[in-house]
2 protein chains.
Amino acid sequence: MRYYIGDLKNHVGQIVELKGWVYNSRSSGKVKFVELRDGTGMVSCVFFRGECKESALEIFEKLSQECSVKITGIVRKHPKHENVYEIGAQNLEIIGASVDYPISPKEHGVDFLMENRHLWIRSKKQMAALRVRHELIKAIRDFFDGRGFTLTDAPIFTPSACEGTTNLFETKYFDEKMYLSQSGQLYMEATAAALGKVYCFGPTFRAEKSKTRRHLIEFWMVEPEVAFNDMYDNMDLAEEFVEYLVQRSLANCAEELRVLERDLSKLQPVKRPFPRLHYREAVDMILKENPQFKAGDDFGAPDEAIVSAKFDRPVFVHHFPAAVKAFYMKEDPKDPGYAMGSDLLASEGFGEIIGGGQREDNLEILHKKIHEHGLKEEDFKWYLDLRRYGTFQHSGFGLGLERTVAWICGLPHVRETIPFPRLYGRSYP
Amino acid sequence: MRYYIGDLKNHVGQIVELKGWVYNSRSSGKVKFVELRDGTGMVSCVFFRGECKESALEIFEKLSQECSVKITGIVRKHPKHENVYEIGAQNLEIIGASVDYPISPKEHGVDFLMENRHLWIRSKKQMAALRVRHELIKAIRDFFDGRGFTLTDAPIFTPSACEGTTNLFETKYFDEKMYLSQSGQLYMEATAAALGKVYCFGPTFRAEKSKTRRHLIEFWMVEPEVAFNDMYDNMDLAEEFVEYLVQRSLANCAEELRVLERDLSKLQPVKRPFPRLHYREAVDMILKENPQFKAGDDFGAPDEAIVSAKFDRPVFVHHFPAAVKAFYMKEDPKDPGYAMGSDLLASEGFGEIIGGGQREDNLEILHKKIHEHGLKEEDFKWYLDLRRYGTFQHSGFGLGLERTVAWICGLPHVRETIPFPRLYGRSYP
């Protein structure tokens with residue numbers, strides 16, 4: 001029988017053996033305490049002379065931060081706090097020593113912590129953020145799986161560059177040149193024609209030489225695509241999805257969000273419907289506070305912040321100028337020059353977390369767009385086939401996982417939202 | 001209101017509008033049939049003169065394989081078959097034409113089908129295999145999530161080569177040289193020390209210049225790692241896991257396995273306990289049929305087939321010679337020269353689907369192994385830290401998704417188990 005700290009409520013009054021790591025230890029008069037962690041939770045193990053073996057008290061003196069131990073004792077309800085348990089320790093063994101553990105409770109610089117990321121993840125806030133990430137990934141998959149979507153993962157090795165090669169990692173694939181995927185979308189358009197409602201969810205890569213708090217070189221993105229959806233269906237889906245993610249995090253990650261000191265009142269209002277602004281409306285808002293902004297341009301992070309600050313929940317901006325959007329986005333025949341897509345800006349200035357829209361489904365127009373964007377038609381032979389054989393209206397979007405984790409956790413930088421971040425200038429450990 | 005073929009049972013007697021693709025169409029006397037697919041299923045749409053619009057009959061003559069259409073009609077129970085529905089069609093519109101669709105019901109060569117993979121996935125067997133893949137991925141995640149594991153995905157960009165660089169894809173990461181991950185295991189050992197029970201599940205890469213039916217260049221692998229598990233706990237976990245995957249596929253993918261003509265009697269016996277052979281026992285079996293085999297060597301595919309043919313369910317082979325296994329595998333102090341790991345061979349000659357075991361947790365021995373394997377100590381600085389600060393017994397394994405899909409579907413080649421396979425000599429579409 002293996003016992004875990006997270007299960008202690010089921011073992012009150014029983015003697016259990018726990019294995020884990022020493023988060024903290026201290027003496028107070030005749031009592032000694034070990035704060036033990038095992039990945040499922042933390043528990044105070046209380047050593048009283050007379051209640052525990054004499055040898056345990058000697059071994060206690062050799063404990064240090066993060067040494068691994070085996071502690072045997074009886075499970076008790078905490079005398080004061082509801083739903084808190086403690087161990088009346090009887091015995092203590094050291095499994096693995098830990099001499100001069102580098103991360104102490106004192107403040108460390110970010111570079112130092114990132115260099116020791118393999119150890120930093122053992123601290124309370126980092127574990128909490130990783131648990132929220134886990135819950136969000138599960139929520140993302142449950143959302144789509146529960147609505148009849150089929151997961152059809154896109155390849156990482158891609159032969160052509162769908163939006164130019166500037167931000168692409170090039171790699172040798174035996175004797176060929178290939179790229180690491182920066183989006184699975186084009187492939188999802190193909191699988192949507194087979195399976196109707198599909199999504200992919202995997203790592204994607206952007207070789208951006210920028211050090212911002214919102215960019216990772218390697219990040220996870222979920223990309224649903226739905227046959228016969230238009231751009232408005234697509235916004236409906238995105239908004240239902242984001243509401244689900246936030247409300248489920250509030251329901252299932254209360255303890256983690258408490259550890260992260262998240263202000264929950266900022267997340268509670270994230271419910272449908274989200275406001276929807278035409279690009280022109282958003283530009284009017286931006287110009288009032290940033291007169292330098294040029295109508296027709298894409299938004300920068302400060303522009304997004306101006307718009308999102310006006311609302312207590314995420315806000316859609318739709319109908320961006322077609323010229324600033326990708327070649328595959330459908331131009332609105334009723335609103336020429338503007339694309340049938342939308343970005344979703346998270347609240348509190350966390351910026352864009354979703355981009356998507358309706359895809360160009362007309363073969364001739366798509367041909368023309370590919371040429372206008374200076375792309376090579378032969379790179380898109382298979383993609384054009386989707387318009388040659390039973391073309392269909394379809395829409396989809398991509399949600400960046402790490403930005404969403406950062407927003408929900410209230411973390412100022414995406415580097416703490418993934419176990420081992422890859423940033424410009426950071427590739428270890 | 002959007003209607004899907006998969007939901008028709010809830011709409012008997014109602015008029016519905018369906019959008020999808022023409023799988024087949026034929027006339028028989030006064031009746032015309034369209035076999036329509038929309039990703040959720042297939043349905044026969046029956047056109048009777050008098051019952052449908054006259055124009056629908058004219059449009060019917062223009063239908064071709066894979067053109068996209070809108071069909072309106074009334075949902076009826078099939079006159080003969082239980083749980084089958086049909087559409088009494090009233091109207092028909094063509095959305096997108098499909099002239100000379102390249103994949104006809106006649107036989108095509110594999111190269112041709114692979115070149116047209118973006119269209120090939122629309123055929124019944126391919127869709128069925130992709131749906132089984134979807135269900136298996138969900139089953140894998142549900143298994144671990146339901147047992148208290150935390151998903152901690154490993155990075156794809158890895159700075160060091162954990163088992164030599166022979167089969168690694170090298171790539172430029174700005175000014176550095178990095179590799180594409182071939183396993184997340186080392187990182188899982190770090191997260192296991194934080195979160196106890198962890199797993200990663202993402203794409204991995206092996207630059208193998210081999211064209212076999214069991215190798216993909218890019219494949220998905222799930223890798224659980226459990227703090228304080230030994231090699232026997234690890235086999236217990238693997239066997240519970242594989243039983244779960246197979247029995248859940250049988251329960252949830254009956255229709256897909258029927259389309260794939262899978263012999264279910266080969267999957268039904270896959271229940272715990274699985275046989276467990278010491279390497280020496282397995283070698284004795286192999287030598288009877290393959291006298292060329294040299295005791296001490298790793299197994300080839302034919303050797304695995306000899307062993308697995310003896311059992312009606314997967315079989316573990318444990319305690320391989322330490323010399324043929326990776327540096328991080330713990331050598332058994334009670335059985336010197338042999339490693340505390342095991343491979344799991346799938347039944348029916350499908351070969352190894354799991355490899356794993358107990359990791360070396362002693363700092364000095366691990367140091368020595370790294371040198372013996374000609375690896376550079378500085379590449380493993382962070383990995384050695386896990387033995388420096390609270391070292392702990394731990395074990396884990398990796399299961400290859402595509403081999404498992406191939407086995408469960410009874411597919412002879414892994415290329416049909418992933419939407420867009422990457423093989424030696426195949427990187428398109």
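Which residue's side chain meets that of E66(A) in a salt bridge? The notes below get to R122(A), starting with the ground rules.

This is a predicted model, where local features need pLDDT of at least 70, side-chain atom pairs count only at pLDDT 80 or more, and totals for chains, interfaces and linings use all residues. Residues are numbered from 1 along each chain as its sequence is written, chains are lettered from A and ligands numbered from 1 in the order in which they are written, and side-chain values use heavy atoms, leaving out hydrogens and water.

1. Chain A has domain 1 (5-96) and domain 2 (117-416), with bounds from an automatic or database domain assignment. Their centres, taken over C-alpha atoms, are 46 Å apart.

2. So where do they touch? Seven residues of domain 1 of chain A contact five of domain 2 of chain A (contact means heavy atoms within 4.5 Å).

3. The two domains bury about 490 Å² between them, 48% of it from carbon and sulfur atoms. Buried area is the accessible area (1.4 Å probe) that two parts lose on being put together, summed over both. Y23(A), R37(A) and G39(A) supply 60% of what domain 1 of chain A buries here, more than any other three residues.

4. Back to the opening question: E66(A) pairs with R122(A), at 3.0 Å from N to O. A salt bridge here is a side-chain nitrogen of Lys or Arg within 4 Å of a carboxyl oxygen of Asp or Glu. The rule finds two salt bridges across this domain interface.
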